[in-house]
Amino acid sequence: TALPIYVHEVRKEDLRLKFAEKFHEDFIAGSKFHVRFTFNRLGLKLQHRAVERLGSDNIACQSLAFPTREAIEIKRLRPLRKIDNREDFKRMLFNKNIGTNNEQLQAVQHILAGTSRPAPYLIFGPPGTGKTMTTVEAIKQVWKRLDGSTILACTPSNSAADDLACRLLEKSHVP
């Protein structure tokens with residue numbers, strides 16, 4: 001009998017799962033189960049729809065999300081914070097594990113340097129790849145180094161927003 005199981009939380013190699021009530025009713029200790037994971041595409045579909053809607057008739061939102069080269073040059077946006085020495089930067093990380101993953105380290109450096117300003121930064125990927133860890137590090141670095149910054153962090157679900165908020169408050173570097 002197939003029963004839905006929901007992935008509640010992903011942490012590196014561990015999963016917290018939520019089982020349907022029927023599972024608990026029929027559960028027999030010591031039983032073996034075949035578990036198959038499928039991907040719910042609803043979140044991605046909604047994100048794609050939002051991006052498509054930005055590109056349609058809303059010129060103000062479109063220019064914010066997809067600035068033209070001319071708009072960037074007119075504003076003459078300079079990098080927010082130049083990263084001169086990669087090793088020095090690694091020592092200043094709140095989460096030292098970021099320094100061991102080149103993609104995560106580059107993402108934080110680019111966000112801090114403002115290399116894509118004024119376009120927003122999008123961090124995406126499958127579960128368990130370090131998106132939240134990277135986002136938390138970037139938020140803490142921006143908050144610490146760039147006075148007066150405004151940060152908007154969006155998540156695909158309420159539980160993801162809760163997780164992001166909890167991780168920001170861990171070893172509290174953010175008020």
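**Notes on the predicted model**

1. Let's start with a pair in helix α8 (residues 158-169): Arg 167 and Asp 163 are four residues apart there, so about one helical turn separates them. Their side chains meet in a salt bridge, 3.2 Å from N to O. The term means a side-chain nitrogen of Lys or Arg within 4 Å of a carboxyl oxygen of Asp or Glu. Arg 167 counts as buried because its relative accessibility is 15%, and Asp 163 is buried as well, with a relative accessible area of 18%. Buried here means under 20% relative accessible area, exposed means over 50%, and partly exposed is in between (1.4 Å probe, protein chains only).

2. Some ground rules before going on. This is a predicted model, where local features need pLDDT of at least 70 and side-chain atom pairs count only at pLDDT 80 or more, while totals for chains, interfaces and linings use all residues. Residues are numbered from 1 along each chain as its sequence is written, and side-chain values use heavy atoms, with hydrogens and water left out.

3. Now the overall layout. The chain has eight helices and two strands, and along the sequence they run β-β-α-α-α-α-α-α-α-α. Helices (H or I, at least four residues) and strands (E, at least two) are DSSP runs, numbered from the N terminus. Of the 175 residues in the chain, 21% are buried.

4. On to the other salt bridges; the count comes to three. In helix α5 (residues 86-91), Lys 90 and Glu 87 lie three residues apart, about one turn of the helix. They form a salt bridge whose closest N and O atoms are 3.5 Å apart. Lys 90 is partly exposed at 24% relative accessible area, and Glu 87 is partly exposed at 43%.

5. Helix α5 has another such pair to look at. Asp 88 and Arg 91 form a salt bridge at 2.3 Å, N to O. They too sit about one helical turn from each other, because they are three residues apart in α5. Asp 88 is partly exposed, with a relative accessible area of 35%, whereas Arg 91 is exposed at 55%.

6. How do β1 and β2 pair? They run in the antiparallel sense, over six bridges; strands count as paired if DSSP finds at least two bridges between them. The two form a hairpin with two residues between them, and Lys 12 in the turn has a positive phi of about 50°. For landmarks, Val 7 has Leu 17 of β2 as its bridge partner, and Glu 9 stands opposite Arg 16 in β2.

7. β1 (5-11) and β2 (14-19) are the elements that give two or more residues to the patch. Val 35 lies in the loop between α1 (21-26) and α2 (42-54), and at 40% relative accessibility Val 35 counts as partly exposed.

8. Which rings make up the aromatic pair? Phe 19 and Phe 23 do: their ring centres are 4.4 Å apart and their planes at 20°, so the pair is stacked. The structure holds one aromatic pair. Rings of Phe, Tyr and Trp (its six-membered ring) pair if their centres lie within 6.5 Å; planes under 30 degrees apart are stacked, over 60 edge-to-face, and the rest tilted. Phe 19 is partly exposed at 25% relative accessible area, while Phe 23 counts as buried at 15%.

9. Finally, the largest nonpolar core. It has 11 residues in all: Phe 89, Leu 93, Ile 98, Leu 105, Val 108, Ile 111, Leu 112, Met 133, Ala 138, Val 142 and Leu 146. α6 (102-113) and α7 (131-145) each supply at least two residues of this core, and the largest share, four residues, comes from α6. A nonpolar core is a set of buried Ala, Val, Leu, Ile, Met, Phe, Trp, Tyr and Cys residues joined through side-chain atoms within 4.5 Å.
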